[in-house]
Amino acid sequence: MDVIGTLASIFARPDLWAGTLRFAAPLTLAALGGVISERSGVVNIAMEGMMLVGAFFSVLVAAATHDIVLATLASVLCGGLIAAIHGVASIHLRANQIVSGMAINLLALGLTSFLMFRFFATSGTPSDIPALPDVKIPVINNIPFVGAVIGDQNLVVWLSILAVPLAWWFLFRTRIGLRIRAVGEHPRAADTLGISVYRIRYLCVILSGLLSGLGGAYLSLSVAHSFSDNMTSGAGFIALAAMIFGKWNPIGAFLACLLFGFGQSLGINLQGTGFPDQLVAATPYVLTVVALAGFVGRAIAPAADGVPYEVGE
Amino acid sequence: MTVATLPIERPAGRLRQLVASGIGPILAVVLAIIVGGVVVLVSGSNPITAYQQMLVGAVGSPFDISETFISSIPLILAAYAVSFAFRCGLFNIGAEGQLYMGAIASTWLATTFPNWPGIVLIIVCIVAAMVAGGAWAGIAGWLKAKTGAHEVITTMMLSYVAIDISHWLLEAGPMTPSNAYGTPESGPIPPQAAFPIILPSWILPNARLNASLFLTILAGVVFAWILWRTPLGYEIRAVGFNPKAAAYGGINVARRLVIAMVIAGAFAGLAGMVPVWVQMRLYDSFSPGYGYEAIAVALVGRNSAIGIFLAGLLYGAMIHGAVAMQANANISGFLVQILQALVLFFVGAEMLIRWLLRRGGLRALVEAPA
């Protein structure tokens, strides 16, 4: 087998790069949510569950109303709602946030599959549900290679890319962003200055739910065009890894998501070429470990990440 | 992300302590059953029927009890893997991958040397499973100690790698015998290397519960013994409690991190071997997520050997009981995941439980050291 030749031909495929963006999009949304939540001091390992909830309820509403706007709204709201449960547990009940996050993940898996059985058990989700729209860019669409990569991407892909600088600006260039970081680094000091620690933390946790929910809707409405049990299959955990890999920075997290997206896309593009695609599928994970150990170095979380805060202690 | 906030408890020496530390999880289970019942009711089914079917399905006959144990054992062992690392302040989210490595190593040995005498083969396989799981987890521990690479990412990434390796071994050939009917699975585990079945067939026909139960109990004893009765365990807990203080006290923190992960991985490796030795073959994607559910079991069991054993039995019973419930009551077996999540949630939301207990006039239990 001509290894170099095969690889070269695959790297010249626009599919590989378009797929990278497609796979990275839901990861990016969830990872950005994670960054915002943890910057405020609430550990969030529940992106997986929030995505799953978004994926299911968007399909449920899409099947009932055939309205893509309502379906998307449902995904975002339900993601936010389940995030709010994590918020109550972590902020008011001062529960261990890892425990609460795991509970949310399990709950989302149980609830969505339970309702799936209740509503769609016999036939699966209907095939006539609306999809999130693709964005055809007129001129770019016709450029040979570039057109095939970005000329006809989904709206959510563009939203996810747009969300990266937006999240960065929000966290590092706005007053509320400064407050979020203050609450995540030193809640007592922030509290003393009159910042409501609880309110900021709720805002950030719920924001992460909204973003993850949208990511989930993209997976079900557009990528799979259906819902199946546990269909996120670890995407939320990959997003979690991307968040840490990217050192709790929106841009770093996005780059990590691109790496994971690339790995997934490469695995798919290598199918049928004689490469052991199961092993190729593992390369981004190996790369992550190597990169983390080699040159990314110590990942340091926000100082108060995971530490519950008690007002007026 | 920090796990240092997890409570470090002393072993419950007195009965009162035992009751006090058990009351939270028990109440959590009760609350979960109530809330889960509401979910069933809202979805248009009868919760009483659901729970009845689940209970009967889990423990309604000696055969079902044996199956419940079979569902529980991998969860318990994998939860020891999660918990042992927890005790050292490490969040081992990758028991799943470690148990895959254990399953691969033990299966490879058993299918490569099918003519070895049973007792030799099974001991070699147990050791291989523990070594493979331990080594896989040890990578993450070593990276943490050497470079500070966050164990949540490394263990998770290594999990995916291990699972992909197993897919490759079983789907692309190396471990699949040529006479397999196109299904990705290993050759059979030689019968002489099987764990002895506990109940002979003239007492209970078809029962599959085997001596891995004793191995699991032994694992629990070893788990507790290392942590509470050896200097190593003391040092591991010290590192988990406060790494800086431990280092100041002269403990080599880096080395303890690695050792804790290796021991944790060894438990997980064992957890991977046991289900293979029930089915007597390694199937592709053989684990329904033992390593992930084990995190919940470890947390509900409060990181103690007995607590984990009981929590694992509870979760295993729910998993096995759900099969009958879905078949007989036409309610999705995923109700179990909802219940498991709720138990976990209420265990985590300890404040809520304390508040409820106080309302119920059970202050004495609340104030007792948990």
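Start at the contact between the two chains: select 50 residues on chain A and 49 residues on chain B, and you have both sides of it. Keep in mind that you're looking at a predicted model.

Interface size is often quoted as the accessible area lost when the parts come together. Here, chain A and chain B bury about 4400 Å² between them, and carbon and sulfur atoms account for 80% of that. Now pick out A:Leu106, A:Phe114 and A:Gln278: within chain A these lose the most area to chain B, together 16% of what that side buries.

Next, show chain A as a cartoon. Which helices each supply at least two residues of the side that touches chain B? Select helix 4 (68-92), helix 5 (97-120), helix 11 (235-245) and helix 13 (277-296) of chain A. Then colour the chain A side by class: you'll get 35 nonpolar, nine polar and six charged residues.

Polar contacts between the two chains come to three residue pairs, counting pairs with both residues at pLDDT 80 or more.

Finally, hide chain A and take in chain B by itself. Its cartoon shows 15 helices and zero strands. Of the 370 residues in chain B, 57% are buried. To finish, draw the contacts in chain B between residues at least 6 apart in sequence; 75% of them join residues at least 24 apart.

Technical notes. Residues numbered from 1 in each chain as written. Chains lettered and ligands numbered in written order. Predicted model: local features only at pLDDT ≥ 70, side-chain atom pairs only at ≥ 80, totals over all residues. Heavy atoms only, no water. Helix = DSSP H or I, 4+ residues; strand = E, 2+ residues; numbered from the N terminus. Buried < 20%, exposed > 50% of the residue type's maximum accessible area, 1.4 Å probe, protein only. Contact = heavy atoms within 4.5 Å. Buried area = accessible area lost by both parts, 1.4 Å probe. Polar contact = N/O pair within 3.5 Å; in protein donor to acceptor, adjacent residues only side chain to side chain. Nonpolar A, V, L, I, M, F, W, Y, C, P; charged D, E, K, R; others polar.
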